Amino acid sequence: MRLSSLLKLASALAMTAPLALAADSEAWKTRSIYFVLTDRFAKTNTTDTVACGNLGNYCGGTWKGMEQKLDYIKNLGFDAIWITPIVENTDGGYHGYWAKNIYNLNSNYGSADDLKSLINTAHAKGMYVMVDIVANHMGRDTYEHFTPFNNASYFHDYCVISNYNDQDNVEYCRITSDLPDIKTQDSGVRSAFQNWIKNLVGTYSIDGLRLDTVKHVEKDFWPGFTNAAGVFSVGEVFNGDPAYVGPYQNYMQSLVNFPMYYVITDVYARRASPQTLVNQHNAVSSSFSRPELLGTFLDNHDLVRFLNVNSDWTLLKNALAYTLLARGIPILYGGTEQGYTGGNDPANREDMWRSGWATNGDLYTWIQKAMAAKRAAWGLGDNDHSHLYVTSNAYAFSRAGGKLVVLTTNGGSGTRGTHCFNTNVASGTVFKSVLGSAAYTAGSNGNICVVVSNGQPEILLS
């Protein structure tokens, strides 16, 4: 079928599709996102909990399986899920990022009815659904096998990125030699993508999008695409420099917060000075128009897990206290709550069923308490993060005008100490721990002295 005919078909479908919830930035900013690698979360037969033997190919996760385990996510304290790309992939694309036909679904995950049922069930539970999409490249195959971009004219001339300091090289060349780079500056390609995403969002009532490989597509592609989608969009710009990533927020509502990710890992896993956390936070404040909308994360499917860098669960909890409760929309990658330790891809893409989706473990129950604190502080959707205290091994901050105070340290298990700092609340204000039984009454200038035992973080609500 010619591209022009496919465009007409997609446009007609879009006109007849039901409207999505179209949750906007204000609706998303208090949400908490659980990231699901669809192939790895749950099989349709959820009683099968034998670990996948080959993480480099399909392991059997489905939308039906995920639907059955939504309460596992909701009870952890998360009210949104981000699922990996849903379109038909070329051989071996278990992860979803190697598109073959953007108009078909990946049958390995299930049917259209399965996907609709998953999303409808999530909505009934008060949960949003964010779908990952790829506009930069197609999968590992030859042009004639792709739909709709089925000949060389829809792709950039062959080259592989050789210089990440050259933006043209980054945008027009392939991220790897076998993934054809789509000519996204072409008006016909843009129209195809815009009609497709409008139809996709409407057909399945999708609430948000995660945009893959954003920096590899020219910036002016994205406003037309996200406007056509009509839902909140979070872009992936895989770079740790706030000055590089920040301008992309002029083209979409949100970005995954890679600039903070690298510093969070350095401070809590490698015991760098917490002052670097403060400095980077301030740099992000200066570089982004809406820093409170950025997606803050600790683990994901492209990076080694925190526990692979440092196996100390106490340090992980400190890092999570920051990630889940600091400024931004928190994103938890499935498996962190089960203590997964995977290294480089695909080892960091462990199946969830090997854990049995246990809900009584130390990390799962700890995260539940942290997320309860987020809800108690009105969802923490504002740009209200206040630095309270920083030393060579400790950092404290407050949110919601002092309603929430968080103290983290990076000494790890076996360390202890007392940390005194001003919370900037009225004298006599009582803070209670959400993690234990401790309580602190603010003195003059809101001063409190928090006792740290065995390196654990403290989360306080007034």
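This note comments on one helix pair and on the salt bridges of a predicted model.

1. Helices α11 (residues 258–269) and α12 (residues 275–287) have axes that come within 9 Å and cross at roughly 170°. The two helices are therefore roughly antiparallel to each other, since angles over 145 degrees fall in that class.

2. The contact between these helices involves Pro259, Met260, Val263, Ile264, Val267 and Tyr268 of α11, which meet Thr276, Leu277, Gln280, His281 and Val284 of α12. By class, this contact has 8 nonpolar and 3 polar residues, with no charged residues.

3. The count of salt bridges comes to 22. One of them joins Arg210 and Asp132, with the closest N and O atoms 3.1 Å apart. Arg210 belongs to strand β6 (residues 208–211) and Asp132 to strand β5 (residues 128–133), so this pair ties together parts that are 78 residues apart in sequence. Both residues are buried.

4. Arg210 also meets Asp212 in a salt bridge, at 2.8 Å from N to O. The relative accessible area of Arg210 is 2% and that of Asp212 is 6%; both residues are therefore buried, as the limit for that class is under 20%.

5. A further salt bridge pairs Asp178 with Arg140, the closest N and O atoms being 2.5 Å apart. Asp178 sits in the loop between α7 (167–172) and α8 (187–204), and Arg140 in the loop between β5 and α7, so the pair links distant parts of the chain, 38 residues apart. Asp178 is partly exposed at 28% relative accessibility, and Arg140 is partly exposed at 43%.

6. A network of salt bridges links Glu26, Lys29, Arg290, Glu292 and Asp382.

How values were computed
Residues are numbered from 1 along each chain as its sequence is written. This is a predicted model: local features need pLDDT of at least 70, side-chain atom pairs count only at pLDDT 80 or more; totals for chains, interfaces and linings use all residues. Side-chain values use heavy atoms; hydrogens and water are left out. Axes are lines fitted to C-alpha atoms, for helices over the stretch in contact, and angles run from 0 to 180 degrees between N-to-C directions. Helices (H or I, at least four residues) and strands (E, at least two) are DSSP runs, numbered from the N terminus. Angles under 35 degrees count as roughly parallel, over 145 as roughly antiparallel, 65 to 115 as roughly perpendicular and the rest as oblique. Contact means heavy atoms within 4.5 Å. Ala, Val, Leu, Ile, Met, Phe, Trp, Tyr, Cys and Pro count as nonpolar, Asp, Glu, Lys and Arg as charged, and the others, Gly among them, as polar. A salt bridge is a side-chain nitrogen of Lys or Arg within 4 Å of a carboxyl oxygen of Asp or Glu. Buried means under 20% relative accessible area, exposed over 50%, partly exposed in between (1.4 Å probe, protein chains only).
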